Amino acid sequence: MLKNRYAISYKIKNGMIYLLPQKDLSVQKVTVKGKIVNEEGEPIAGATVLEKGTLNGTTTDENGFFTLTDCKPNATIVIKYIGFFTQEVKAGQNELLINMVRDVAALDEVIVVGYGNSNRKNINSSISTLDIDNVAKLPVQSINDGIAGRIQGVIVTSSSGAPGAKSSVSIRGAGTPLYVIDNVIRSANDFVNINPGDIQSYSVLKDAAATALYGAQGGNGVILVTTKKGRDGQMDINYTFNETISQPTIFPEKLSSYENLKTINDVYKFEGLQIPTPENILEFYRTQEKPFEYPNTDWRKVGMKDFASEQRHDLSVTSGTEKLTYFASGSYYNQNSNLRTDNNHNKRITYRLNTVSNFKEVNLKVTTGLDGYVEDNILPSSSTASSYGAFFQHIQQRKSSQLAYNEFGLPSANTTDNPAVELSDQSGYYKSNSRIFNGILSLEYTAPFLEGLTLKANGNYNMWNSKNKSWNLTAPSYANGSKTPILGNPPNLTATRGDGSTLLLQGYLLYNRQFGKHNVDFTGVYEQAKNLGSSVSATRQQYQILFDQFVAGPTVNQLASGSESESGRAGYVGRLSYNYDAKYFVDASLRYDGLDLFPKQKQWGTFYAFSGGYALSEENYFKELKERNILNYLKIRGSYGLVGSAEGITPFSYVPGYSINANTWVVNDRPVQGTSEPGSLPSTMFSWYSIRERNIGLDFSSLNSRLSGSFDYFYKRTTGYVVADTRYAATLGIGLPPINFDPGAMRRHGAEFNLTWNDKKGDFSYKLGVNFTYFNQLWERNPGEDDAALKNPYTRESGTLNLGVATGYTSQGFYQDNADLLYGARRISSINVIAGDLRYQDFNGDGKIDGNDQTRIGNASFPRINYGTTIDLGYKAWSLSAVIMGSGNRDRYLGGIMQGSNPDNMLIYGFQQDYWRTDNTDALFPRQVSTSGVNGGNNFVSSDFWILQSRFVRLKYFQLGYDLKSQLLKNTKFKQFRVFASGTNLLTISNTKKYFVDPESDQNNENYPIQRTISIGVNVGF
């Protein structure tokens, strides 16, 4: 008998009538319609509307409307939009009107965590996020170049502004972090080349509770991003163009040849020596009557342009239907050089296609992703210079009295390392080309038989190849008065090819369920990856025919080499999260990690973490504080965990190895291959470093959540460094085997905080943020120091809180007169010391100054304090954003060129004239000497006098924009038409500027300088 809850259907077959029960009436499908608006009643476009517990979802159109079909009656509808609290409503008969409430403190923000997502309020670990919208607008070289000063705990450093150069990132002072894109571990190079406009979310995992799921790879912290996906509805097309000019933030001006040589003459006169440039010759330099015999060369103009240009084009398209959505993008970036050559640039093309297919009938979601990039670099190459260091060294070291070109405008042969020769179009080149392709396929099944259960499988294939070609050719130079070329050394040609791949497979079991006030979230993952790589290189030398192909080169002394590699890893991952009534939170994470880098019996290790949190603001006793907006939210949290690191461990150290030499012996006048003994003994007694870390944190919001912030204190201790035991000498003639050196340990601790004020007054919105990071570290026992090094408390690293930048003497200023010379200890090897020379401290008090008085000097070169202020303003169609960032005590050692210690390029800069004289006793430099031997090298020995204090404050980013859509283009089909002007490194305050050195660049200005950029651009949406 059919029960009343079934309806009857029928079908006729072979003359028979069959009565059939229809599906349960209680699961008949309904359509839910509605509109989503903000607190001002304005429609919200692009909000996500989802039937809870299913894949059934859609997004709102540009007017805020949505239509969600195939919903269960009385289904719970979940609405999410960035910057607003997530809301849940019951489906009803009438059209819904949903008013979203701004989540100013972003407590309901969805955060990307290891192998999944979570709400910010549910997180107990230390995780920072980045508002990617403001970064994507900046015309920067890479995503790393756009985040400085924005995130607490993240330290961004730059050392070069060269085409293709990217900033480096450290999390809490550690090494290179692990990079994860769309839940797939990628190389650092893949990450820095991602188009910032493709990024949907950006998270930084900092403590062990956040990184333990990545095991040995997560020891330096993890940066995770997800890329944009499509949404159903009307097609959106977005195009952005930037035109940028760049120039060094600061660059020293050289003295004219007359000023330089006259100043040197004055030094020689003071020492009673014959002047090197007679007065009549000096006059020729002044008048420039004979400019090719007595030149006055501006080497900056010879080697550098006034500015370099950059262009960037970004195009993205997103659209879709209920069943299929897609996001597609492409980007072209072209960065030219400050060097005066057409043979130096970086060009990059990136692409991405993400699709999401929803098969609601079978509860299956299929996600695919294709992305990659092509990057080309070219740099001049000659026998005297083939690197930025060499080019800028020669531009800096050449004196104004040296000749660049002869009378016919041809590069002069009179000057060694002439930049005019090195940067000539007739010199050679070094070209590099990199191609990356990445493909991902993800299947996600929402189980209908158990609410909250999801099964997921990911496959990722990453393929790379590279081509490098070096044509090391020196352009001809010319004697004065001649057009006859003087050829350089015969050129060499080298080409290298490399390729490789990574195959990653992942299987997920996810369970998320709420039982009354109890919330349970479980993530289980198995993953494995295999890496393959190979390279081959060939060289032909001493070309007689100037044709940059191998066929034209001699086969005598030709060279070839190559290599192949493979590696693998695997891991079992588990995370269990529980919270009660959004008040009490507990998390546990575990990874059983395998890596083939270690001996078989040591290849697997276990890493874990525990964390907990308590939201005091959710208790009843806190209600009055919330109602008065004194404290809207307050949570304390803590974590402890063990992660690992395999940094610096040489592969196959557990296998005996021998070096192979192609020509070890000569037998019967023919070379014969041979092998050498291993460099060190193998070992099977080593595995990962161990990093134990604890973190205590606090999150809060106040004043109606307009003010929010967080604070963290962390402590981590690393042990088990893999080294040969330094306590025992290598008496066998080869290196001792590697072990986990138990006494070796490093401690690092620090604190960080951020504060944000976010508010809106009518048409004016503003968001102000401050962040601060401090860390320090100490070697309890440096595993690289032997017993002899440990015995000197002044120079050893072990137990020394501040390692400084060098070892040297402690300066006590200048000897100001002869009376100063009559007392105090003297440096033994110094001679003829007089007023104006440096005096040093007798550190050990033995009455003499020698090497035993040297100690560690200066502060660490890597900044221990970093801070930033972010400013985001909006008024109607206007927008302004800026970042002011800086670092605390950070020292470097001033290079010899800037010291003026080399007679070949003495006193070439104007600021070097500020040396000690009787009429200039408060000078920047000590007494200038003709050669360092005049006073036994007294002034130029290593000392803290030459420490370059490099703390700084910098206006890192600035952008002003206006959307023409608001007025001028109001009635057009443009969704936006934003024009903007941007700048980076516009203003810098630092002590280093008195030496004309940027606080982040090379301390001798002998590398590609840090750049100041100014850009104009347009962003158009259709």
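Student: Which residues are linked in a network of salt bridges?

Tutor: R172, K206, E693, K716 and E752 are linked in such a network. The general idea is that side chains of opposite charge can pair when their charged atoms come close. Please keep in mind throughout that we are reading a predicted model.

Student: How many salt bridges does a search of the whole structure find?

Tutor: A search of the whole structure finds 41 salt bridges. One of them joins the side chains of R706 and D759, with 3.4 Å from N to O. This pair links distant parts of the chain, since R706 sits in the loop between β34 (689-702) and β35 (707-724), while D759 belongs to strand β36 (residues 738-761), 53 residues apart.

Student: Are R706 and D759 buried or exposed, or something in between?

Tutor: R706 has a relative accessible area of 24% and is therefore partly exposed, whereas D759 is buried, with a relative accessible area of 12%. The cut-off used in this reasoning is that buried means under 20% relative accessible area.

Student: Where in the chain are the partners E1000 and R954?

Tutor: The side chains of E1000 and R954 meet in a salt bridge of 3.0 Å, N to O. E1000 lies in the loop between β47 and β48, and R954 lies in strand β46, 46 residues apart, so that this pair also links distant parts of the chain. E1000 counts as buried because its relative accessible area is 7%, and R954, at 1% relative accessibility, counts as buried too.

Student: You have mentioned strands; which way do β46 and β47 run?

Tutor: Strands of a sheet pair through backbone hydrogen bonds, either parallel or antiparallel. Here β46 (residues 952-963) and β47 (residues 976-990) run antiparallel and are joined by 11 bridges, and within this pairing D963 has R978 of β47 as its bridge partner. Strand β47 is also joined by 9 bridges to β48 (residues 1011-1021), again running antiparallel, with S1015 in β48 as the bridge partner of S982.

Student: In what order do the 5 strands of the open sheet stand?

Tutor: The order is β12-β17-β18-β15-β16, and the pairing in this open sheet is mixed. The strands β12 (127-129) and β16 (184-186) stand at the edges, where each has a single partner strand, so one side of each is left without a neighbour in the sheet. From one strand to the next the twist averages 25°. As a parallel case, strand β15 (residues 178-181) is joined to β18 (residues 222-227) by 4 bridges, and the bridge partner of Y179 in β18 is I223.

Student: Which residues make the nonpolar surface patch?

Tutor: The patch, of about 650 Å², is made by Y351, L353, L370, F437, Y461, M463, L503 and L505. The elements giving two or more residues to the patch are β22 (345-359), β25 (453-472) and β26 (492-515). L370 lies in strand β23 (residues 364-381), and L370 counts as partly exposed because its relative accessibility is 40%.

Student: How many helices and strands are there in the chain?

Tutor: The chain contains 11 helices and 48 strands. Its radius of gyration is 34 Å, close to the 31 Å that the globule rule gives for 1022 residues, so the chain is as compact as a globular protein of that length. Of those 1022 residues, 50% count as buried.

Conventions
Residues are numbered from 1 along each chain as its sequence is written. This is a predicted model: local features need pLDDT of at least 70, side-chain atom pairs count only at pLDDT 80 or more; totals for chains, interfaces and linings use all residues. Side-chain values use heavy atoms; hydrogens and water are left out. Patches are made of residues with over 30% relative accessible area and no salt bridge: like charges are joined within 9 Å, nonpolar side chains (Val, Leu, Ile, Met, Phe, Trp, Tyr) within 5 Å. Accessible areas come from the Shrake-Rupley method with a 1.4 Å probe; for residues, only the protein chains shown count as cover. A salt bridge is a side-chain nitrogen of Lys or Arg within 4 Å of a carboxyl oxygen of Asp or Glu. Buried means under 20% relative accessible area, exposed over 50%, partly exposed in between (1.4 Å probe, protein chains only). Two strands pair if DSSP finds at least two bridges between them. Axes are lines fitted to C-alpha atoms, for helices over the stretch in contact, and angles run from 0 to 180 degrees between N-to-C directions. The radius of gyration is taken over C-alpha atoms; the globule rule is 2.2 Å times the number of residues to the power 0.38.
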